[in-house]
Amino acid sequence: ELEAAIQTAEEKIGELREEITSKTNTLESLDTPATTDSIEIDLTSESAAETALEMARKSVEAAKVERQKRKNAVEQAVDEHDRLSDDRAELRDERADLDETLSTLSERISDVQSEVERIDEELSNAVTDRNAVTREYLPEERCPTSVSDETRDVVEAYHEDISSRKNELSEDLAAKEASLDAKQNDVEAAHEDVDAAKADIDRLEATIDETESDLSSAREQLEAAQEKLDGKLVALEDELAPFDIEVSADTIETAIDEQIPDVKAEIQAAIDEANGRVTELATQKTGLEEDRTELESLEGLATCPKCGQEVDADHLDSELSDIEAAITELETQLVAAKQTRDDHLAHRDELDELREEAIDLREFRSDSVLAAEEQVETLETELDELCDELDEEQETLAEAESELDEAKSTVAELEVEITDLEAEVSELEDRIEDGDAVMDAFDGVDEL
């Protein structure tokens, strides 16, 4: 550039020299008269003289004009000459400066040439390194035979491909991580379900054990109550056997409400009949006793109260003897009648007591046996329901454990997939960094 500037300055100085020479010649030409043409004067006549005078005047005017023009041109030429002289002087100074600068630059050129050689070597090394990293970076099927500046497009295309692939895998990784979070929540929920099911099973098993214990106790109570009832029923049946009444747990209601009242009614009829017989015999005895009293009150001969005849003492004694015998017989019959009545009364009272025992047995059966049976049935139903509920809870536990295992399996699969994706993304990120380094290598070569 400095050499070109010096050459330009020299050319400019040459041009100025030529222009100065031209301007000097112009000044010299301006020193000559405006005109040297002769004026022809014809004085042969007045008109010719006037014509010649007019022509002379015009020539003078033209000469004045030309003189003024030349004066102006001279002044301009002088000014231009001075300016050009100044420009030439400035250019000479500038040339001197340029010569000095050129000398300095010559020294710098030597340094620059050394630097250029160094840079050439650096460029060669950079190209070699660029080519090496490019061949290492690009897959074999995408790497050209020889690496050049145009190979950068291939590198950028491959870099964009793996960046796109990395972005796709990153999206897949994010989706997998989100799925993993969800599945881990499912695992926690499944754990809670399993724990809840196990707790319910433990609770149900404890309740079942307690219910089985209660049921066993209830069955023992029922068995004891049934044995007690059966024993009392056997005793009651034995006591009712004389009355031709059969009783059992199934017929006790009939015995209480029908059989015993019917038998009691029969006994009551017998009692009424016996009372009538006792009354009849007592009345007869009373009458005889009155007769005896009346006869005993007679003294000496008296009229017989039976026949109305006069009787003697022997006859009276005979009548008294008959009355005594009749009274004795009546007393015997009366005792028997009373005994029959009393027996019926005793049977009635006994039957009432047996009926009360039967009622007590019915109440015992209702309060103890039937209540125990109901308790047993209730506990058996409750136990069946608890066992069914336990079966359901065990099925729920199995389902929860299956869901837990499935969730754990899915979590394990997702963790493996995420690990693989992370490794692949990390590898692609390394490849992207390698690609950045390759493109930096291309930039480095371009900069050199």
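So α5 has 135 residues and reaches 189 Å from first C-alpha to last, close to the 201 Å expected at 1.5 Å a residue; expected span here is 1.5 Å times one less than the number of residues. Helices are DSSP runs of H or I, at least four residues, numbered from the N terminus. Keep in mind this is a predicted model: local features need pLDDT of at least 70, side-chain atom pairs count only at pLDDT 80 or more, and totals for chains, interfaces and linings use all residues. Residues are numbered from 1 along each chain as its sequence is written, and side-chain values use heavy atoms, leaving out hydrogens and water.

α5 has a kink of about 35°, centred on Arg 365, the bend being the angle between axes fitted to the seven residues ending there and the seven starting there. α4 (residues 252-296) kinks by about 35° too, at Gln 259, shortly before Pro 261.

Now, Arg 341, also in α5. Arg 341 touches Ile 271, Ala 274, Asn 275 and Val 278, not counting residues up to four places away in sequence; contact means heavy atoms within 4.5 Å.

How do α3 and α5 run relative to each other? They're roughly antiparallel, meaning an angle over 145 degrees.

Notes:
Helix = DSSP H or I, 4+ residues; strand = E, 2+ residues; numbered from the N terminus. Parallel < 35°, antiparallel > 145°, perpendicular 65-115°, else oblique.
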